[in-house]
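Biologist: Before we go through the model together, could you show me how to read its features one at a time, beginning with a sheet?

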Amino acid sequence: MSRPLRKLLDKAGMAVCVLLLVSPALLFFLWMLSLSLKFEIDNGAYPPILIPDRFAWKNYTTIFEGNSFLLYFWNSLIVTGAATLFALVVGVPAGYGIARMKAHKSAVVIMIARMTPGLSFLIPLFLLFQWLGLLGTLWPQIIIHLVVTVPIVIWIMIGYFETTPMELEEAAMVDGATRWQIFAKVALPIAKPGIVVAFILSVIFSWNNFVFGIVLASRETRTLPVAVYNMLSFEQVSWGPLAAAALVVTLPVLILTVAAQRQIVAGLTAGAVKGG
Amino acid sequence: MASVSIRNVRKSYGAVEIIKGVSIDIQDGEFVILVGPSGCGKSTLLRMIAGLEEISGGTVAIDDRVVNDVPPKDRDIAMVFQNYALYPHMTIADNMSFALRLKNIAKSEIAAKVERAAGILGLGPLLGRFPRQLSGGQRQRVAMGRAIVRDPKVFLFDEPLSNLDAKLRVQMRTEIKEMHQRLKTTTVYVTHDQIEAMTMADKIVVMHDGIIEQIGAPLDLYDNPANMFVAGFIGSPAMNFIPGSIGGDGFTTEGGDRLPLGGRVPAASDGRPAVYGVRPEHFRLADEGMAAEVVVVEPTGSETQMVLRPLGAKTGQAGAGREDRKRELTWVLRERTDAKPGEVVRIAPDPALAHLFNPDTGLRL
C-alpha cells in the first residue's frame, strides 16, 4: 500500500472512531434542536423528520410568553451565581490550606460530603428551612447548592495548588511577605486557570441541579430545570416548546463551556504532568 | 553586611538526624561555599540559615542576633533558588521590586534600585518581559537581581548554576564572583560541584553525612586535606589512594612496590598499615619508579590523563579483575606523550606532595 493512501485511511479511520464516540451526545443535541423547530404535527410524524419544511419559531416565543420564564432564568442566575461565588470565596482558601498543610484527611471528609446523596439530607434541611421561615425565598436553594459547589471548588483547587512549586512561596517568604500576602500576591494569581475551571464546573453543576429545586422551590422561586420539568403536564406533552425550553436552559452553560474549553482541559489535566 | 555564626546546629526529621552538630563562623563580607555529595545536608543547612527549615538544636546568629525563631522575612537575607523561583505572573521589573514594594518604599526609590541592579547584571532591556520569555541564563540573572535590589545582610545561593549548560555555568561563575567582589556582601553558597567551590570561595566547608569534614581556604584544602574524604572530594581527577604499609624510611604497597616518603615518616609507625595518597598531577617518570601498564590515554589538548594499572613488584604482571581495577591509578601530565595502551611505564610520586592516611579512621597521619 502506498504511503499517501495509508495516511488517508488512517485519517478516515480516526474520523469514523471520533464520530462513533461523539455521536450519542451530538445526536441528542441535534434531535433536541430539530424538535424545538418543528410544529407538533411534524414532531409526531412517522418516519421522523429531522429538518422540517416550515420552522416553528413560535415554540421559542411561547416559552417566554406562557411562563414566567424570565423570572425562572433570573432565579437560576441568582442561585447559581451566589452558590458559585460563595464556593469560590470559601473553597479557594480552603483548597490552598489543605494543599499546603497536606491535610488529606480533611480532603476526604469533603469528598464524603460530596458523595452523600443529596436526598438524604434534603428532608431534614427542608424542615429546618421551614422552621427558619426561609421557604418561599431563594436562600434555601442557594445554601443547599453549596453542598455541590463547595466540594468541587475545594477539590479542584487542592489539585491546582499542589502543582504550584513551593519555591515560589519560599522566595516570597524570604522577600518579606506574610502568609496572607503570599496567598494573595503569589499563590492566587498563579492559580488563576485553576480558579476559572473551578468556577465553570461549579456553575455547570449548580445550573443543572434539579433535585434540590424540585423539593425546595415554590412557584415563584423555581429555577430553570424545574421550570422545564413543569412544562410536562398530564394531558399533553408539547415536545416543541419543551425542547425549546431545554435548549434555552442549556445555552448559557454551553456558551460558557465552549468559551472556556481550553481552560477546562488544562484544569482537568493539571498535575498529570510536571510543568517545566 | 553581616557575620553569620552557626553553633552546634542539628536537624532531625523524626528519628533521622540529617545534620549532626555543625559549627561554622562566617566573617563579614566572606564568600563561603558549602560543598558535599548529595544528601550531605548542605542545602538543609542553608535553608536553616534562611529560616525555611526549623532548627532542631543549636543556634544560628546573624550579626550576633540569634535568629532561630525569627521568620525569614525578618532576617534581612536574600536567596537565589536552584530553579530561580521567579514569579511567573510578574514582569522582570516587578519580580525584582517585589520585596521593596512589600516594604512600601517610595516608587521613585524602587525604580532607581531596580535600574541599578539591572545595570549591574545587564538586564535593562528585559525589564518589561515575563520570566517565560527569558533564557535560562537570563532567568538566573534576574534571580540574582532580585537579591541585589534588596541590599540584604546575607546572600544565600542554593545550587544556582546546576540548571545551566556547562559553558554558561563557567560564565555565570565569573559573574557571581565579580558581583561579590563589587558588593562585598556576606555570601553562603551551596553546590555539589567542587570546581565551583574551588574557583569561587574564600572559604570552603566540606560536608558529608551531616557533619563537617573540613573548613578551609580552597588551596589549603587541596594541599592539606584533613582526611581521605576531603582528599578524594577536592581536586579533579580525584586523588589516588594506594593501600600498603609503612616500613623503614618508605612505604610498601600491597603489590610490593616501594614508594618514597621523603623522610616524613611518622613516629613509631614501622610496619603499620596506611594509605598513600598522591594527586594525579604529582607523578613523574622515573627509572627506579613503580612499573605500571597503560590502560587508557585521554588527551585533552592542554594535558593528558592516563589510567595505569600497577604491575606489582611481587607478581610482575597486571591483573584485570575487579580488585585490580580498584588499584588503578590516574596520572595527569602537562606534556604530550606517545604512550600507547599496553605499554609499561615507570613512575614515581613526588614525596613532598604525597599524604599518608590511617586506613581505619581515614585521618591524615
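Modeller: Bear in mind that this is a predicted model. In chain B, six strands form an open sheet in the order S6-S7-S8-S3-S9-S10, and their pairing is mixed.

Biologist: Which strands stand at the edges, and why is one side of each left without a neighbour in the sheet?

Modeller: Strand S6 (77–80) and strand S10 (211–216) of chain B are the edge strands, and because each has a single partner strand, one side of each has no neighbour in the sheet. Neighbouring strands are turned against each other by 15° on average, with direction ignored.

Biologist: In what sense do S7 and S8 of chain B pair, and what packs on the sheet?

Modeller: Strand S7 (residues 154–158) and strand S8 (residues 186–191) of chain B pair in the parallel sense over five bridges, and B:Phe157 stands opposite B:Tyr189 in S8(B). Helix H4 (residues 136–150) of chain B packs on this sheet and touches S6 and S7 of chain B, its direction making about 175° with that of S6(B).

Biologist: How should I read a pair of packed helices?

Modeller: Two packed helices are described by the angle between their axes and the distance between the axes. Here helix H4 (residues 69–101) and helix H7 (residues 139–163), both of chain A, pack at an angle of about 35° with their axes 6 Å apart, and H4(A) passes H7(A) in a right-handed crossing. The residues of that contact divide into 20 nonpolar, six polar and two charged.

Biologist: Which residues touch the most other members of the largest nonpolar core?

Modeller: In soluble globular proteins, nonpolar side chains tend to be buried together. The largest nonpolar core in this model has 131 residues, of which A:Met157, B:Ile33, B:Leu156 and B:Val188 touch the most other members, while the largest share of this core, eleven residues, comes from H7(A). Leaving aside neighbours within four places in sequence, B:Leu156 is in contact with B:Leu46, B:Ile49, B:Ala50, B:Ile77, B:Met79 and B:Val188.

Biologist: How many residues of chain A are in contact with chain B, and where does their largest share come from?

Modeller: There are 13 residues of chain A in contact with 17 residues of chain B. On the side of chain A that touches chain B, helix H8 (166–174) and helix H9 (179–190) of chain A each supply at least two residues, and the largest share, six residues, comes from H8(A). By class, that side has eight nonpolar, two polar and three charged residues.

How values were computed: Residues are numbered from 1 along each chain as its sequence is written. Chains are lettered from A and ligands numbered from 1 in the order in which they are written. This is a predicted model: local features need pLDDT of at least 70, side-chain atom pairs count only at pLDDT 80 or more; totals for chains, interfaces and linings use all residues. Axes are lines fitted to C-alpha atoms, for helices over the stretch in contact, and angles run from 0 to 180 degrees between N-to-C directions. Helices (H or I, at least four residues) and strands (E, at least two) are DSSP runs, numbered from the N terminus. A crossing is left-handed if the near helix is turned anticlockwise from the far one by less than a right angle, and right-handed if clockwise. Ala, Val, Leu, Ile, Met, Phe, Trp, Tyr, Cys and Pro count as nonpolar, Asp, Glu, Lys and Arg as charged, and the others, Gly among them, as polar. Two residues are in contact if their C-beta atoms, placed from the backbone, lie within 7 Å. Two strands pair if DSSP finds at least two bridges between them. A nonpolar core is a set of buried Ala, Val, Leu, Ile, Met, Phe, Trp, Tyr and Cys residues joined through C-beta atoms within 7 Å. A residue is buried if 20 or more other C-beta atoms lie within 10 Å of its own, exposed if 12 or fewer, and partly exposed in between; C-beta atoms are placed from the backbone.
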